Each structure stands twice: as C-alpha cells, then as structure tokens.
Amino acid sequence: MGTTKIYIVFYSLHGHVEIMAREIQRGANTVQGVEATLWQVPETLSNSILNKVKANPKADDVPVILPEQLLEADGFLFGFPSRFGVMASQFKAFFDATHELWATQALAGKPAGFFWSTGFYGGGQELAAFTAITQLAHHGMLFVPLGYTFGSGMFEMGEVKGGSSYGAGTFAADGSRQPSELELQQAFYQGKYVSEITKKLKG
C-alpha cells in the first residue's frame, strides 16, 4: 500500500494556528505508515501591514505550498484563523487558486478536516469550519469531522476550550492567550483520527 501522505496546510498570523498544526502533525505521525508534513499557504499582506499588526515571523522550517502540490497527498488537514466568522482571506485566496484542480476534479474523493483559531466565542468555532465545507464540496472531497469521538474532552465546561464536532480549535482572545493543554490534546487526536481514516480509504 505504501506510505499514506497527510498534508497539514495552514495559515497563521499570530502563531496560534501554527501551534495547533504542529500538534496535529505529531498526532498524525503516530499512525504507522503515515507521513504527515506541514505546509504554509502564501501570504497576501505586505510586510508593512504585517509589521503594523505585529504578526509573528513565518516558520522557516515550513515550506509554502503551491496548489498543484495538493495532488501529492492522500489526505489533508486545513487550518486557519477566522475573520468575521469565516476563514481568513489568505486561505480563501489559496483555495481560489485551485481552479485548475477543480476543473479536472483531481482532488475528488480525498478526505480532509479543518482546524482553526478564533478570538472569542462569537468568532466562528463552528461557523469557520461549516462555511469552509463548500471548498471541499466543489472539489468533490470528503469532509472528515471529529463528531464526538474525542470523548469527555468534548463536554468540558470547567474551562475555556475551542473546537467542536467539526474539528479542533483554539481561542486567541486578544492574541495573548495560547492553546490550552486540552485544545492541544484535541488537535493531537484530530491528526491521528484523520490519518487513520485516510489510511483506511487509501487501502
């Protein structure tokens, strides 16, 4: 059957999504026969704007992906911060650039999940993923939600926790909050879960 390739493709402005992506990669790589790699989508903001919003430096160990490179993967986890409840424009621009893959339905049948970061509860902990499903639908891709398979962590009410049945998530608040241990555990679990399903589908 060979190696099952999982591409974890993300956009991160202040580092929260990157932290989640690295934990997802760790979880994915625990599945025997799976090779999970990190990729960044291209930045669309100028350096002057990035400086004004105090953006984190881009991870120098994570390459920028081109749309055609999606063909190499068997499954995906796409991560992004939300903007007014939906995916950030940088990630939407990347999906918009996949029109040639859409024209040939080259990604049809490939599984994918989502993870995200929002500022607060109203920022899209469900909506960001729900609206992103349209991207998968047009490509004929298979959405892999977590459901409630994460177990008791899905019902935590004693602390602030991002994520939902759609996937793993975190809260950034004003940017100062970092992903909690429980949020990272869910991210790790999602990486493992989506990788196991991708491996089954490939087999």
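This is a predicted model: local features need pLDDT of at least 70, side-chain atom pairs count only at pLDDT 80 or more; totals for chains, interfaces and linings use all residues.

Reader: What makes Gln105 partly exposed?

Author: Its relative accessible area is 33%, and because partly exposed covers the values between under 20% for buried and over 50% for exposed, Gln105 is placed in the middle class.

Reader: Why is Phe84 called exposed?

Author: Phe84 has a relative accessible area of 88%, and since exposed means over 50%, the word applies to this residue. Phe84 is in the loop between β3 and β4 (86-87), and its phi is positive, about 55 degrees, although it is not a glycine.

Reader: What makes β5 a mostly covered strand?

Author: Eight of the eight residues of β5 are buried, a word that requires under 20% relative accessible area. Pro111, Gly113, Phe115 and Ser117 point one way from the strand, while Ala112, Phe114, Trp116 and Thr118 point the other way, and all of them are buried.

Reader: How do you know that β5 pairs with β3, β6 and β7?

Author: Two strands pair if at least two bridges are found between them, so each count can be set against that number. Six bridges join β3 to β5, and the two run parallel; within this pair Phe76 stands opposite Ala112 in β5. Five bridges join β5 to β7, again in parallel, with Thr118 opposite Phe171 in β7. Strand β6 (residues 142-143) pairs with β5 in the parallel sense over two bridges, which meets the requirement of at least two, and Leu142 in β6 is the bridge partner of Pro111.

Reader: Which elements make a right-handed β-α-β unit with β5?

Author: They are helix α5 (residues 127-139) and β6. The unit is called right-handed because, with the strands pointing away from the viewer, the path from the first strand over the helix to the second runs clockwise.

Reader: Why is β2 described as largely enclosed?

Author: Five of the seven residues of β2 are buried, so the rest of the structure largely encloses this strand. β2 pairs with β1 in the parallel sense over seven bridges, and Val9 stands opposite Trp39 in β2. Between these two strands the chain crosses through α1, and this β-α-β crossover is right-handed.

Reader: How do you know that helix α6 has the span expected of it?

Author: Helix α6 (residues 181-202) has 22 residues and reaches 32 Å from its first C-alpha to its last, close to the 32 Å expected at 1.5 Å a residue. Among its buried residues are Leu182, Leu184, Tyr193 and Val194, and the buried residues of α6 pack against elements including β1 (4-10), β3 (75-83) and β7 (167-171).

Reader: Why is the contact of Lys202 and Asp74 called a salt bridge?

Author: The side chains of Lys202 and Asp74 come to 3.4 Å, N to O, and because the cut-off is within 4 Å, the pair qualifies as a salt bridge. Lys202 lies in helix α6 and Asp74 in the loop between α2 (47-52) and β3, so the bridge ties together parts that are 128 residues apart in sequence.

Reader: What separates Lys192 from Glu196 along the helix?

Author: Both lie in helix α6, four residues apart, about one turn of the helix. An α-helix has 3.6 residues a turn, so residues three or four places apart point the same way. The closest N and O atoms of Lys192 and Glu196 are 2.8 Å apart, and since a salt bridge needs them within 4 Å, this pair also qualifies.

Reader: Why does Glu18 count as buried?

Author: At 18% relative accessibility Glu18 counts as buried, because the word means under 20%. Leaving aside neighbours within four places in sequence, Glu18 is in contact with Phe10, Ser12 and Ala59.

Methods
Residues are numbered from 1 along each chain as its sequence is written. Side-chain values use heavy atoms; hydrogens and water are left out. The expected span of a helix is 1.5 Å times one less than its number of residues. Buried means under 20% relative accessible area, exposed over 50%, partly exposed in between (1.4 Å probe, protein chains only). Contact means heavy atoms within 4.5 Å.
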